[in-house]
Amino acid sequence: MTDAQRPSGGLGEATIGEFAESLRGELVRPGDSGYDEARSIWNGAHDRRPALIARCHGVADVRRTVEFARSEGLPLAVRGGGHSIPGFSTVDDGIVLDLSPMRGIRVDPGRRTVTAQAGCLWSDVDAETQAFGLAVTGGLISTTGIGGFTLGGGIGHLVRRCGLTCDNLVGADVVTADGRYLRADADENPELLWALRGGGGNFGAVTSFDFRLHEVGPTVFAGLVFYHGEDAAQVLRGFREATAKAPDELSMVVNLTTAPPVPFLPEQVHGRPIAVVLGMWSGRAEDGDAATRPFRELAPVVTDLFGRMPYTGMQSMLDPLYPRGMSNYFRSAFLPDLDEAAAGTILAGYARVPNAVSEVHVHHLGGQMARMPADATAFAVRDQDYLLNVVARSAGGNDFPAVVEWARTITDGFGPGSASYVNFTGEAAEDRVRASYPKDTYERLVAVKDQYDPTNLFRLNQNIRPSR
Ligand code: FAD
């Protein structure tokens, strides 16, 4: 493709050339050999064609890209790990600010903190912090980026012991819409830090994150236990009872899914509904067998894969089950209880599952997450003991509309106004964003938005609109 034939978002070649020259990283454009790889994100449902992809190598590149997007009036998509479910990290005819080359990490074992650049994945952070027997709450899948994950909240296997990821965010470096480079911590711009802890990517491009760390592992007691799908009601009932007595070191999830054809499951269950309980005991590994036992005796067991393993092993164990490229839609609802009515809604919904790759997850919350005051961070829904996440997927894409509808019907069963988790929401509709925050939290977020991004340059996200 010649330069004259490239779609360039209406920009002149001289303007683009000057911008490319000013970057330390590469500027990828339609027609470049790496364009298709550079434009793709994890969720195959979003096949978009940006005019420019700026692969940023440092803060200078980030500032330059933000300034360029603003001055040229280009829609701006910010990308960390590229796992956005609604596809916020790509855009048709706009510019992608790609932070993925920025993966530097510095652990301070003495102070128990880590500073991680915004392109890091959880596998990067876990590897560096575990070298010192330390960790912060990370994702269930290690290929997820720390950026979108932290800014939306961050729920993982340490959530009950260490709180949400954003609870452990003690500082951040941020490039705001006007190109300023700001520090957000307890002393400087504290209200910006409050907003970054759950308010999403609304306030600027975060270039690095500082987290508080906790002693974890390196060996933990973790894994999965499989029960027959016919016993799902009994499993949910028992899960509720076991979670009521669970210590903070224990974080557990129930997953209603279809048994994959894997060697550790008997052939008779392959392709049939199966109920999986998975999770981690992050206390002393030698106490793990007894601590997890109540979750491993909920019904007749098909296979029990709980045992001692490296923390990083558990953090990456499920990665192959969530490959890039499938069409994905998530929908969530916080639940105050997993009583018979809630379990009934979930079971009836799962009974209508449209294919073998879609599933429902119920996360047990509480513990340290619930002890944080609701106004301490923008993530304010802390009094709900469970989170339902409907993971609606399609391998080929043809049945995707039906799959999306299925997910919506299940969560709507809990009432259209039920609170949802921004990171487990596959859409950007304003009512869903509002449903993620209590009213006073939402209004406080609007005030921060007014201060740091009054023109809504950062709008490809679960958008908090400025008031004017
Ligand atoms: P990206 O697509 O890169 O970013 C998403 C959006 O976040 C961006 O468009 C932008 O608006 C914003 N953003 C990202 N980085 C920055 C930055 N540096 N500065 C400003 N804005 C930024 N969530 C959980 O809580 N727990 C889980 O266990 C979990 N597991 C998941 C597993 C899979 C397979 C997937 C796909 C998602 C999972 N999620 C989980 C949801 C996840 O938290 C969100 O999808 C999150 O947005 C991913 O972050 P990312 O940086 O990879 O995404």
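Select Asp124 and Arg103 to begin. They form a salt bridge, with the closest N and O atoms 2.9 Å apart. Asp124 lies in helix 4 (residues 122-130), while Arg103 sits in the loop between strand 4 (95-98) and strand 5 (105-108), so the bridge ties together parts 21 residues apart in sequence. Keep in mind that this is a predicted model.

Now check the cover on each partner. Asp124 has 18% relative accessibility and counts as buried, because the cut-off for buried is under 20%. Arg103 is partly exposed, at 41%.

Next, select Glu215 and Arg112. Their side chains meet in a salt bridge, 2.5 Å from N to O. Glu215 belongs to strand 11 (residues 214-215) and Arg112 to the loop between strand 5 and strand 6 (113-117), so this pair ties together parts 103 residues apart in sequence. Glu215 is partly exposed at 47% relative accessibility. Arg112 is also partly exposed, at 35%.

Move on to Arg237 and Glu340. The two side chains form a salt bridge at 3.0 Å, N to O. Distant parts of the chain are linked here: Arg237 is in helix 8 (residues 232-244) and Glu340 in helix 11 (residues 340-350), 103 residues apart. Arg237 is partly exposed, with a relative accessible area of 40%. Glu340, at 55%, counts as exposed.

The structure as a whole holds 33 salt bridges.

Now turn to the ligand. Which residues come nearest to the ligand? Gly80, Gly82, Ser89, Ile155 and Tyr421 do, out of the 34 residues around it.

Zoom in on the ligand's oxygen atoms. One oxygen atom of the ligand is 2.6 Å from a polar backbone atom of Gly80. At Leu140, a polar backbone atom is 2.9 Å from a ligand oxygen. Taken alone, the ligand exposes 950 Å², and the protein buries 96% of that.

Finally, color the shell by element. Strand 3 (76-79), helix 5 (146-152) and strand 10 (205-212) each supply at least two of its residues. Helix 5 gives the largest share, four residues.

Technical notes: Residues numbered from 1 in each chain as written. Predicted model: local features only at pLDDT ≥ 70, side-chain atom pairs only at ≥ 80, totals over all residues. Heavy atoms only, no water. Salt bridge = Lys/Arg side-chain N within 4 Å of Asp/Glu carboxyl O. Buried < 20%, exposed > 50% of the residue type's maximum accessible area, 1.4 Å probe, protein only. Near = heavy atom within 4 Å. Polar contact = N/O pair within 3.5 Å; in protein donor to acceptor, adjacent residues only side chain to side chain. Areas by Shrake-Rupley, 256 points an atom, 1.4 Å probe, with all protein chains shown as cover.
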